[in-house]
Each structure stands twice: as C-alpha cells, then as structure tokens.
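Here are my notes on this one, point by point. Have the model open while you read.

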Amino acid sequence: MTKYYGELLAVDHVSFTVGRGELFGFLGPNGAGKTTTVRMLTGVIRADEGSASISGHRVGTLKAKQIAGVVPEMANAYADLSAWDNLMLMAELYGIPASVARERGISLMQEMGLYPRKDSLVKTYSRGMKQRLILCMALVSDPEVLFLDEPTSGLDVQSVRLIKDLLQGLNAKGKTIFLTTHDMDEANQLCDRVAIINKGNIVAIDAPEKLRMATSGMHSVEISFDNVVSPEVLANIPGVNTVKKLGDKYRLYTANPGELVVSLANYSSSHGLNVISLNILVPSLEDAFVALTEKEAEHA
Amino acid sequence: MPEPALVREQMRRSLVIARKDIRIYYSKGPVIIFGVLFPVFLFLSFTIGRDLSVDFMIPGLLGMILFFTATSISPIVVPWEAQARTLERLMSCPVRIKTIIVGDILASFAFGVGISLVTIMLGLFLGVTISSPFIFAIAVILAAFCFASLGTVFSIPPTNLPATVNMIAAVVKFPVVFISGVFIPLDQLPAWGQAVAYISPLTYFTDIARTSIQGQGHLPVVVDLLVLLAFTALFLVVAMKLHQRTMPRRI
C-alpha cells in the first residue's frame with residue numbers, strides 16, 4: 001500500500017503478511033508511517049495505491065471492519081458518557097446483542113480493573129483508565145483481529161502491565177494482534193515478529209531475536225577499570241568499532257566480542273590496570289532498530 | 001448480506017449514532033445559544049412594538065425556530081468529534097460515512113421537531129388554528145429533515161474547530177432568514193426579492209405554515225412540498241458525497 005499526503009510520500013509500497021494468531025509488532029520512529037499504515041488497514045483512510053485484506057475481506061469494507069477491534073493512537077472515549085455507556089455504544093455499533101454485550105462488558109471491565117467505576121463519566125477517568133476503557137471498547141465485539149496503535153504510550157506502570165498481560169492472554173487464545181509501538185522492550189517481550197518501518201519503507205521483518213542477532217557489528221563489551229582511561233585509547237584496541245562512555249563504564253562495539261575480551265585483558269595487564277567489571281552484551285532490539293533505520297538514512 | 005438487510009442494519013446504526021449525539025450534544029452551549037435562544041431573541045427584536053397578528057407571527061417564528069434548531073447540531077458534531085479525538089474510533093467501526101452523517105442528521109432533525117412542537121403548542125395556546133394538520137405535520141417533518149441535512153453541508157470543510165463551522169453556518173443562515181418570508185410575506189417583496197427568496201428552502205416551509213395558519217400562501221402547497229423534497233435530496237447527496245472525501249482528512 002502507498003499513501004501520499006499532498007506531495008509527501010507517507011507510506012511507500014509497504015507490503016507484508018501477518019499470520020492468523022500472530023502477535024505482530026510494527027516498529028518505527030515518529031513520522032515513519034506507522035499510524036498511516038494502521039489507518040489504511042482499519043479503513044479510516046484509503047490507500048492511494050495497493051490494497052490489503054483481513055481474513056479475505058478487503059480493508060475498508062464493512063466485513064473487514066466487523067471482524068477488527070481498533071485502539072487508535074491518542075483516541076478518546078466520549079467524555080460526557082459513562083464508561084459503561086461508551087462500551088455499550090460500541091457494542092451497538094458492531095451489532096452485538098445486548099445480553100452478550102452486557103456479559104462481555106462486565107467481564108472486560110473486571111479484567112481491566114474498571115468495573116467499580118463503570119458508571120462514572122469518562123471525563124473523571126485518568127489517562128491510564130481511559131486507555132484501558134478504549135481497549136475494552138475494542139474487545140467488546142470479540143474481534144478476530146486487534147489493531148493497537150501505541151496503546152501503552154505515556155501510561156502509568158500499572159496500566160501498561162495490565163494491557164500487556166491482556167494482550168498476551170488474548171494472543172494465547174488465538175487472537176491476531178497488530179501492535180504499533182516505538183517501545184523496543186514492549187515489542188521484544190510481546191511480539192512473535194516485528195516489522196521495522198522508516199520513512200515509509202519497511203526495512204526489516206523478522207522475529208525480534210533474529211533481528212537482534214543479525215545486527216552484525218552491534219555486539220558489545222562493557223568494561224570498567226579502576227583508573228581513568230581515555231576513550232581514544234580504547235578506540236585504538238584491535239577489533240573495536242565504536243566506544244561509548246556510560247558513567248564509569250565504557251561500551252565497546254565489535255564484530256567479535258571473544259577476541260576483544262582477550263585484547264582488553266592484554267591491554268589492562270600491560271598498562272597496570274585492574275578490570276572491575278566486564279560483560280559481553282548481545283545487541284538489543286533497540287540496537288537493531290537504530291542500525292537498520294540509520295542504514296536506511298545513509299542509503300537515502 | 002443482501003442489500004436491503006445491509007441498509008436496515010446501517011439504518012439501525014445511524015439511530016445508535018443519533019442517540020449518542022442527542023445524549024452528548026443537546027446540552028452543549030452553542031447548541032442552546034444558536035439553536036434556541038438566538039432565533040427567539042432575533043424574532044422578538046423584529047416583532048415587538050409592531051402591530052402584528054398572532055396568525056402572522058407564529059408561521060414566521062415557527063419557520064425560524066425550525067430552521068435554527070434543525071441546523072444547530074448537525075454542522076458541529078463531526079468537527080467536535082474530530083477535535084475530541086473520538087472520530088477515528090467511530091470511523092473504524094463497521095459503519096459507512098453515510099451512516100454517520102445520517103445519524104447526525106437524525107439527531108438534529110429530532111431537536112428541530114421537538115423545539116418546533118413547543119412553538120406550535122404556544123401558537124395553539126394563543127388561539128391560532130391549523131387547517132390541514134396532516135399536511136402541516138408532513139411539512140414540519142420534511143423541513144426539519146431538509147434543514148438538518150443542510151447543517152451537515154456546512155461541516156463539509158475539513159476544519160476541526162466547531163466555532164469555524166458555526167461561523168460558516170451563520171454566514172448562510174442569517175441572510176436566509178431575511179429573504180424567506182419570515183418577517184415580510186413573499187407577496188409584499190419586490191420581484192427581485194421574490195426571485196432571491198426562491199433559492200431558500202426556508203421560503204417554502206414558511207409559505208406552507210402561512211397557508212396552514214393564515215389561510216393563504218404564495219405558492220400551492222404541493223409545489224412547496226416538492227421543492228422542499230428536492231432541496232432535501234440535494235443537501236443529502238452533496239453532504240454524503242463530500243463528507244466521504246473530507247472526513248478522512250480530519251484525523
């Protein structure tokens with residue numbers, strides 16, 4: 001799918017498949033095209049080129065919308081209605097019978113810790129409570145596929161944990177989940193596969209672990225000495241690509257951490273330094289993300 | 001799903017949207033001010049101190065009340081929802097944009113009819129009589145739907161500021177009131193004034209109201225009803241076609 005905003009190419013021939021029952025992460029920096037992609041998939045805006053389908057239904061059709069639950073980025077519930085009325089409104093818009101909606105509503109609100117405040121107006125809710133309510137609203141139709149656009153952004157720890165636990169539970173029950181986020185830890189903990197989008201292009205799609213391990217040159221050794229050592233000196237040790245000072249420690253990036261550890265041991269003994277701590281670090285998903293998006297920027 | 005069943009289902013969802021609008025927007029300040037208080041005070045300012053009969057005043061007051069109330073909610077719901085960040089959630093539900101627009105029109109229609117009934121009751125209390133109440137009721141319903149549809153035309157420009165939409169609406173609504181036979185009967189207007197009056201849908205409702213209450217109008221009632229129907233169809237088609245284009249640009 002491709003989407004232009006005037007002259008700006010927001011999403012450029014993005015193409016991918018998400019398997020049934022998969023928890024798929026969609027990562028990218030701000031302005032990368034994540035929300036535009038989700039809006040095309042949820043039928044809120046139309047793609048200028050290309051198309052997509054959900055369970056065989058073309059996106060944007062009533063059938064595709066009927067089987068999807070959506071938590072849009074920065075969405076609000078109706079502040080002048082109670083949480084319960086918001087939930088029942090959504091159920092009616094999805095054509096859910098009232099008795100089924102009531103049963104599901106009670107269960108969802110209890111799970112999200114909102115039931116005791118179900119009759120309060122939404123304008124009295126905290127941000128975390130509103131987001132949990134919006135998630136309940138997306139789930140009241142018992143959708144096959146759930147789209148979540150930055151669902152935990154800016155929330156309190158308790159709400160984040162509740163939402164993550166709920167998503168894991170839903171995925172375990174076979175729901176397909178499409179999650180956009182720029183939180184690497186969240187994607188790493190939750191997702192079966194992630195796609196990384198940058199400047200409207202998908203730069204990688206794979207399992208988080210595979211993406212991490214495929215990031216060559218991003219392995220690192222974290223070391224601290226009992227005396228001051230200049231980063232320029234460490235940068236000259238064979239095998240070191242980059243040096244970063246992190247408080248009283250140094251992180252040395254390398255393609256071959258084993259050889260670097262030997263070189264560091266030799267260096268410290270020949271210069272009369274004692275090593276206080278030494279850790280070999282594998283690349284994080286964040287490292288992979290930065291490497292992939294920077295590579296994309298260089299190509300551009 | 002066969003098309004008639006689909007239409008019925010979307011109609012039901014339009015009613016759900018209308019009910020939501022009624023619960024949320026009826027008590028909003030701009031709706032009460034522009035929809036109820038403003039036309040009453042405007043009418044009073046033009047009639048107090050003039051020697052006018054109740055039979056003359058009630059059709060004009062009714063036309064103006066119906067016009068202002070039925071166009072008070074439908075223009076502001078979409079920009080309000082976009083501003084409050086509830087529109088994207090609504091658009092991702094299994095409803096068509098047409099369904100959303102019809103829901104907003106129905107909420108405005110109900111408001112227009114409800115407040116007009118109060119005016120009609122006031123007229124009856126003051127001693128006016130309505131000849132052909134059935135035709136008159138059809139005219140009220142048709143005009144309320146026509147004006148509510150016009151309201152959604154005002155909100156086509158993709159601005160998310162309700163105040164901007166109200167300003168656009170005011171630019172159209174005020175001149176319309178003065179050219180539609182509310183204060184001066186069409187017969188007393190010069191030829192050019194009558195020509196201008198014919199482009200206002202309010203003219204035709206006011207004419208039916210004068211026929212029903214004063215016993216004489218400017219045009220045959222059938223013509224008034226047919227023209228109101230044509231205006232309604234025009235506003236509906238324009239609103240649905242153009243909101244289809246502009247609504248996604250609001251989010």
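1. The C-alpha trace of chain A spans about 80 × 45 × 35 Å along its principal axes. Bear in mind that this is a predicted model, where local features need pLDDT of at least 70, side-chain atom pairs count only at pLDDT 80 or more, and totals for chains, interfaces and linings use all residues. Residues are numbered from 1 along each chain as its sequence is written, while chains are lettered from A and ligands numbered from 1 in the order in which they are written.

2. Chain A splits into domain 1 (3-212) and domain 2 (216-282), with bounds from an automatic or database domain assignment. Their C-alpha centres are 43 Å apart. In secondary structure, chain A has 11 helices and 14 strands; these are DSSP runs numbered from the N terminus, helices being H or I with at least four residues and strands E with at least two. Take the contacts in chain A between residues at least 6 apart in sequence: 71% of them join residues at least 24 apart. A contact here puts the C-beta atoms, placed from the backbone, within 7 Å.

3. Now the mixed sheet of chain A. Six strands make up this open sheet, ordered E6-E7-E8-E3-E9-E10 (two strands pair if DSSP finds at least two bridges between them). E6 (68-71) and E10 (201-206) of chain A are at the edges with a single partner strand each, so one side of each has no neighbour in the sheet. On average, neighbouring strands are turned by 15° against each other, direction ignored. Inside the sheet, E3 (23-27) and E9 (193-198) of chain A pair in the parallel sense over four bridges, and A:Phe24 stands opposite A:Arg193. Helix H5 (127-139) of chain A lies across E6 and E7 (145-149), running at about 165° to E6(A); angles run from 0 to 180 degrees between N-to-C directions, with axes fitted to C-alpha atoms, for helices over the stretch in contact.

4. The other sheet to look at in chain A is antiparallel and open, with four strands in the order E12-E13-E11-E14. Its edge strands are E12 (242-246) and E14 (275-281) of chain A, and neighbouring strands are turned by 20° on average, direction ignored. Five bridges join E11 (219-225) to E13 (249-254) in chain A, with A:Ser220 opposite A:Tyr253. Helix H10 (257-270) of chain A packs on this sheet and touches E11, E13 and E14, its direction making about 20° with that of E11(A).

5. How many residues of chain B are in contact with chain A? There are 18, meeting 22 residues of chain A. H1(B) gives the largest share of the chain B side, six residues. By class, that side has nine nonpolar, two polar and seven charged residues (Ala, Val, Leu, Ile, Met, Phe, Trp, Tyr, Cys and Pro count as nonpolar, Asp, Glu, Lys and Arg as charged, and the others, Gly among them, as polar).

6. Last, a helix pair in chain B: H3 (54-70) and H10 (201-214) pack at an angle of about 145°, with axes 9 Å apart. Residues in the contact include B:Phe56 and B:Leu66 of H3(B) and B:Phe205 and B:Ile213 of H10(B). The contact residues divide into 10 nonpolar, four polar and two charged.

How values were computed: Two residues are in contact if their C-beta atoms, placed from the backbone, lie within 7 Å.
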